[in-house]
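These are my notebook entries on what I looked up, written so that I can follow them again later. I begin with the charged pairs and then turn to a helix and its surroundings.

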Amino acid sequence: MDLPDGMSLLRQYARDRRGKRENGKIFVGHWMLNGRDTTNLRSQSNDFFTMETLFFFIQYMDLPYSEYYKACSKENLPRVPRVMTTKLKQYLNGDVPTVDFLDVSFQVPLAQPADTSPKVKSQHQRESKKKLIEAAPETFIDSSDDSSKKRAKTLGDEGLPLRETRSHPSSNEKDGSARVGTHTDRKILTACAPVKISKSTQNIIKNELIFDTRTTILCAKGKDFSNVLSIVKNASTSNDRQKDRNSPEKSKQIKEYSRFHQPASQQDSTLSNIDLTGSNYQPGTIYQKLEQPPTTNSNQKNTENNKSTKTPKKRTSRTPIIIVPSGMTAKVTLLNVKKFLEEGNYVASEKVAASYRSQPQDVYIQRKRPGGTVQYHLIDNVAKLNVEDWRRVVAVIVAGPKWQFKHFPDPSPVTIFSKYRGFYFKFMGEKAHPNVRQWNCKILEISQAQRHLDSTVAHEFWKILDGWTLNRYQNLNL
């Protein structure tokens, strides 16, 4: 008989995982290896791995390396370096024929037959069976067998609590006659504790691999049965509806056809010319409805007039609003803002006031851009603005004092300049108001003598405002 070498058995164990390690010996099938024997695989220290080291590595090669490291420390065994695990795993699984740390010249020790031969196994089985028969407290006759042989059955050991169970009657006992060993007299003694297991059975159980249990099968991984109740509920409701449709009670409720008891929509319009006082007249039917006088044209005209008198909905304006100061001390007011921002020419408010008979309430400015002309509405009194008007405010020109924000919905400067863009105009070389330096306002300087710079300041104002309103006010005409 040819003896296999140790490496071939280790590679076989890596594929089927049928083997064990016990007292320094390695058992794979019917063969035994000495765990201290060396293989032909060299480690990084140029030493050969032992059979026990590779066998222990195979048990943990599918798990994380950290668990293998802890297990080696616990068992006090040398471990395979992390850098060699990938190639070694491929070689043991048979994915590659060889590896670079394989020494072909070294002869691997051969395996030896295991001690558990068939004769020894049969001897253990006979001894265990003899012990079970001796420990049997009771026997019974199984009448379902035609030969009616006496069979000794036991499912318990001495000193274990037992319970009684009834066996099922045989198919041959049709007459029901009472005789020895019938199902009414037979008793099976069943143990409530497990039976003692022999060593040979323990060895078999150790080599078994449990792939699935009843618990893992019932888990049903990857499946969700949460919608089962809703499906059952929908099915039950649909069945109830179908039963209601097919029920005879509903069919009885259908009224019989009557030519005189019909809805008015199904009657002919020519019935209005028929004499309704004949024998066919019945009160409470459509004929009573035909007796009612038709509506006059005057009533129809009144309803039309009521519809026309309804007030139409007020159109909301989409023109953006700019708020300017109302005091004459400000550099920009309603008196000079149109000429300054529209034409690029600044004139002091005192000089312009002489040409006006009264103070203007608002001003409209036409802002010319490459894409078209945009109209802005400028005001200095915000007391009359409603909620819709405040949504159209895009900028505020300030003079410096806080009383300018008296009639704002929220007089806080922080809130105001977070919603609207703030501007402050002053002359070159003049100090700005102390409040302005604390606010989020753009300070623009106007020259007192050089009028050709006015257009530059106006252009900068529109450039900053266009950047502020870009993609911010979708409800306005910008």
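**Entry 1: salt bridges.** I first wrote down the rule: a salt bridge is a side-chain nitrogen of Lys or Arg within 4 Å of a carboxyl oxygen of Asp or Glu. I noted that the model is a predicted one, in which local features need pLDDT of at least 70 and side-chain atom pairs count only at pLDDT 80 or more, while totals for chains, interfaces and linings use all residues. Residues are numbered from 1 along each chain as its sequence is written, and side-chain values use heavy atoms, with hydrogens and water left out.

By this rule I have a count of 15 salt bridges. One of them joins Arg-392 to Asp-389, with the closest N and O atoms 3.0 Å apart. I then looked up accessibility, where buried means under 20% relative accessible area, exposed means over 50%, and partly exposed lies in between (1.4 Å probe, protein chains only). Arg-392 counts as buried because its relative accessibility is 9%, and Asp-389, at 18%, counts as buried too.

I also looked at the salt bridge between Arg-391 and Glu-388, which has an N to O distance of 3.3 Å. Here Arg-391 is partly exposed at 48%, and Glu-388 is partly exposed at 39%.

**Entry 2: a pair across the chain.** Arg-17 and Asp-62 meet through their side chains in a salt bridge of 2.9 Å, N to O. This pair links distant parts of the chain, 45 residues apart, with Arg-17 in the loop between H1 and strand E1 (20-22) and Asp-62 in the loop between H2 and helix H3 (65-75). For these names I noted that helices (H or I, at least four residues) and strands (E, at least two) are DSSP runs, numbered from the N terminus.

**Entry 3: helix H1 and its neighbours.** At what angle do the axes of H1 and H2 cross? The axes of H1 (residues 6-16) and H2 (residues 51-60) cross at roughly 10° and come within 10 Å; axes are lines fitted to C-alpha atoms, for helices over the stretch in contact, and angles run from 0 to 180 degrees between N-to-C directions. The two helices H1 and H2 are therefore roughly parallel to each other, a term for angles under 35 degrees.

Contact means heavy atoms within 4.5 Å, and among the H1 residues that meet H2 are Met-7, Leu-10 and Tyr-13. In H1, the buried residues include Leu-9 and Arg-11.

Definitions and conventions
Parallel < 35°, antiparallel > 145°, perpendicular 65-115°, else oblique.
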